[in-house]
Amino acid sequence: LANERLAARVGTRCSNSRLRALGVAALRELYEEAGIAVGTRLGEQPEGALPFRPDLSNLRFLARAITPTGMVRRFDTRFFTLFTDEADVDPAGATASHELEDLRWVDIFDHKGIEMPDITVLILEELQKSLQEDKSLPFGRAAPLYHTQRGRFLRDLL
């Protein structure tokens, strides 16, 4: 079920293993950067292993962004979202890490004055629009792809 939900709009032809890898990578990053585990806690694990079994069933594909060529750092990033109550996650449990020093929750409808990369602002605006259209954020809805082509910044729908 989780792969079917992710497959609906990931934006590329993906095998089930690739879809799972994208979702697991997103949840691993959330855990590594904010200490939030989405899934079933596990007992003692080898060093480097996740201390939980990732639960992808509530991940919603939100958007994809590809950094323009010529940039020093290039990314092909997929953004996911989920509801904390569906995922049984307590956002108050978030902790700063070596990657995030000023970790805080912000209202996505009131994030003005907070310095963020332009693409982060665009993705938050996509989430705002999506929530205003349908508060349930249905699985499989159209998601934007931000990219450049011949020097033009584009927003296409997947």
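Modeller: Let's start at serine 130, which sits in helix H4; helices here are DSSP runs of H or I with at least four residues, strands are runs of E with at least two, and both are numbered from the N terminus. Bear in mind that this is a predicted model, where local features need pLDDT of at least 70, side-chain atom pairs count only at pLDDT 80 or more, and totals for chains, interfaces and linings use all residues. Residues are numbered from 1 along each chain as its sequence is written, and side-chain values use heavy atoms, with hydrogens and water left out.

Serine 130 counts as buried because its relative accessibility is 7% (buried is under 20% relative accessible area, exposed over 50%, partly exposed in between, with a 1.4 Å probe and protein chains only). Leaving aside residues up to four places away in sequence, serine 130 touches Leu62, Leu137 and Arg141, contact being heavy atoms within 4.5 Å.

Ser130 and Arg141 also both line the second largest pocket, along with Glu126, Lys129, Glu133, Asp134, Pro138, Ala142, Pro144, Arg155 and Leu157. Helix H4 (118–133) and strand S6 (152–157) are the elements giving two or more residues to that lining, and H4 gives the most, with 4. A pocket is an open set of points on a 1 Å grid over the protein atoms alone, where a 1.4 Å probe fits and protein lies on both sides within 12 Å along at least five of seven lines; lining residues have an atom within 4 Å of a point. The space in this pocket is about 150 Å³. By type, the lining splits into 6 charged, 4 nonpolar and 1 polar residue.

Now follow S6 into its sheet. This open sheet has 4 strands in the order S4-S3-S5-S6, with mixed pairing; two strands pair if DSSP finds at least two bridges between them. S4 (76–81) and S6 are at the edges with a single partner strand each, so one side of each has no neighbour in the sheet.

S6 runs antiparallel to S5 (residues 144–149), joined by 6 bridges. Glutamine 149 is opposite arginine 152 in S6. The hairpin of S5 and S6 has 2 residues between the strands, and arginine 150 takes a positive phi near 50° there. S5 also pairs with S3 (residues 60–66), this time in the parallel sense over 2 bridges, and arginine 64 stands opposite leucine 145 in S5.

Definitions and conventions:
Points joined across faces, edges and corners; volume = space filled by probe spheres on them. Nonpolar A, V, L, I, M, F, W, Y, C, P; charged D, E, K, R; others polar.
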